[in-house]
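Good morning, and thank you for coming.

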Amino acid sequence: MGLLTFKEEVAGLLSSLIAMSPAEIAPLLEIPPEPGMGDYAFPCFVLARRQKKPPHVIAAELAARIEPGSIPGTVQNRGPYLNFYIDRPYLFEKLLLEITGRGIDYGKEKGQNKTIVIDYSAPNIAKPFGVGHLRSTVIGSALYRIYRALGYRVVGINHIGDWGTQFGKLIVAFRRWGDSSQLQKDPVHYLYHLYVQFHREAEKEPELNEEARYWFRKLELEDEDAVGIWEHFRGLSLIEFQRLYRLMGIEFDSYQGESFYNNMLEETLELVREKGLLKESEGALLADLEPYGLPPCLLRKKDGAALYITRDLAAAIYRYKTYRFSKLLYVVGAEQTLHFKQFFKLLELLGFPWADDCIHVPFGLIHFKDGRMSTREGKVIFLEDVINRAIEMAQNIIREKNPGLENKEKAAKAVGLGAIIFGDLVNDRIKDVEFDWEKVLDFSGETAPYVQYAHARICSILKKALGESATGSGERHFDGALARAEGLLEAPEEEQLLITLARFKEQLRRAAEEYRPSFLARYLLDLARDFNKFYHNCPVLTAGGSLKEARLLLIEGVRIVLHNGLELLGIEAPEEM
RNA sequence: GCGCCCGUAGCUCAGAGGACAGAGCAACGGACUUCUAAUCCGUUGGCCGCAGGUUCGACUCCUGCCGGGCGUGCCA
């Protein structure tokens, strides 16, 4: 029972007074710009036009017609607006009892009986896992957690980039300059070194590119030598990636990468041919999408090697057969927007009704101040370096601020990792971001540590008030009588905290609907900020009697929402830091 | 050239067609014998890129322009 239901009640009430359905009214209800203007407002301009009366007159009439007690709150009209105020005791009782009652399950919803498949992370084998891959990984992982909480069956797929021309390059480089012992020692860095070396040499010796294509072709034809080297590289890289995912707490249900679809490519091309979409041009095969306002797209190169769109088609078809998804999300950079337009259009032309359920969730580029990152030029930042430095930074701060803390490493990991994940989720994903060490390692202001700190402060208060095992859920018995008592939680900081607390579900839902975890991250910042204001103005432990009890209940609610919200973003909430 | 995306405070960014456009960072000034100062309070700071249009109402929608990014048949 959050504001969501209050909003529904308001919509229901209004629809009984005017000729509009609750579904039409709900989207018009807005959050007023100032706390004094209530919790929801209904602008009467739309009605003004229909009824040919000034909006402030309509607002006043409506306000007069609403009977007290028809909603758990009050109504006022201010100018052309109808302002609704939720009864504080109602909020207090319903909301806090629900949150504390459900604890770690608060925010979770019942099964939707729908499957949503999310394709995210997808690093390239034999290339280092750079900060560029971080975005897809954390955005996808957050969406995974959010949809799971909302009751969907979720399938997380890591569409590993384990195929393509770059393997030809690596095989050539390894055959020329490779050293097995170095490879064994630090596979990903060494393969990266070879990859960069290849591109450097290919500048002087362009025939290398020809050789690379030749080797990739051999790989496609399952040449024993080529496959052997490929499997070796692939295995070593996967081990490295999994180590990183474990460190970050990221999980997948499937690691079926590009190579998995190799034996389905012919049949996929055949499908395209059957629909009369396949054309030959200069020895290559392509689909002409001109009639749909899209450039033609290549499906097979003149040397017979398939291209990634063909593998994507095969993968989508396979995924539908396997999972019967209601949605398939691709968390992939915005630079591939055209690719996805072509890809989805092809699925539609092939006659798959579920083509509409395939959605590209794009995000902006990470770049340096002076230009873009480039693996082949050796201009990348290793994600692991970023994580290590962030954790180290967190450790330094903890040593300084909380020297007595017992498990410093654990807290430092949560904070450092949290800062990186949150930093990537907090802004609108479509925007490009500049990589800046200083910003990455700044833990003040709008960051995960800010939210985590608020959480830790609450844990500390609860521990002092209630004893050691304070932060397990559902261990305290707050009852309704307290909530119904008059005059509690009426300080502005307390009211604001209650209202913000009540908006959690709405923001969670928005984050899912628009595939934008940033809504949830922003919300957590708001909640943490409201808590910090409360913290500085409303003492808990020294408050008397039922006020202390009420405040404990309030902050327990805040603690749960902060904890659950961070968890949905893939961030831990330590009890001390 | 064409297509897509972005343009809001010095910097980084929020902003759900609606009420006087908000944070963080930076700068300056305050608050730790009081629940962790990774915090809080205050001050300074805006032709919401420009010009039109739609609307009772536009930072938000449409058109054009300017600036930046990305893409544009044999990479992914």
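This is a predicted model: local features need pLDDT of at least 70, side-chain atom pairs count only at pLDDT 80 or more; totals for chains, interfaces and linings use all residues.

Residues are numbered from 1 along each chain as its sequence is written, while chains are lettered from A and ligands numbered from 1 in the order in which they are written.

To return to our residue, Asn158 sits in the loop between β5 and α7 (165-177). These labels denote DSSP runs numbered from the N terminus: helices are H or I runs of at least four residues, and strands are E runs of at least two. Leaving aside neighbours within four places in sequence, Asn158 is in contact with Ser121, Ala122, Phe252, Ser254 and Tyr255. Contact here requires that the C-beta atoms of two residues, placed from the backbone, lie within 7 Å. Asp253 lies 95 residues from Asn158 in sequence, yet their C-alpha atoms are 8.0 Å apart in space.

Let us now consider the chain as a whole. Chain A has 577 residues, of which 41% are buried. Its secondary structure comprises 23 helices and 13 strands, and its C-alpha atoms fill a box of roughly 80 × 65 × 40 Å along the principal axes. If we take the contacts in chain A between residues at least 6 apart in sequence, 74% of them join residues at least 24 apart.

The chain is divided into domain 1 (3-86), domain 2 (164-233) and domain 3 (383-568); such bounds come from an automatic or database domain assignment. The C-alpha centres of domain 1 and domain 3 are 33 Å apart. Where these two domains touch, four residues of domain 1 are in contact with six residues of domain 3. On the domain 1 side, three of the residues are nonpolar, none is polar and one is charged. In this classification Ala, Val, Leu, Ile, Met, Phe, Trp, Tyr, Cys and Pro count as nonpolar, Asp, Glu, Lys and Arg as charged, and the others, Gly among them, as polar.

I turn next to the sheets. One open sheet has four strands in the order β5-β4-β9-β10, with parallel pairing. Two strands are said to pair if DSSP finds at least two bridges between them. The edges of this sheet are β5 (153-157) and β10 (358-361), each of which pairs on one side only. From one strand to the next, the twist averages 20°. Within the sheet, β4 (residues 115-119) and β9 (residues 327-331) are joined in the parallel sense by four bridges, and Ile116 has Lys327 of β9 as its bridge partner. Helix α6 (residues 131-149) lies across β4, β5 and β9 and runs at about 155° to β9. For such angles, axes are lines fitted to C-alpha atoms, for helices over the stretch in contact, and the angles run from 0 to 180 degrees between N-to-C directions.

A second open sheet has three strands in the order β1-β3-β2, and its pairing is antiparallel. Its edge strands are β1 (40-43) and β2 (73-78). Strand β2 is joined to β3 (residues 81-86) by six bridges, and Arg78 has Tyr81 as its partner in β3. Helix α4 (residues 55-65) packs on this sheet, touching β2 and β3, and its direction makes about 155° with that of β2.

By class, the surface near RNA strand B has 35 nonpolar, 19 polar and 23 charged residues.

Definitions and conventions
A residue is buried if 20 or more other C-beta atoms lie within 10 Å of its own, exposed if 12 or fewer, and partly exposed in between; C-beta atoms are placed from the backbone.
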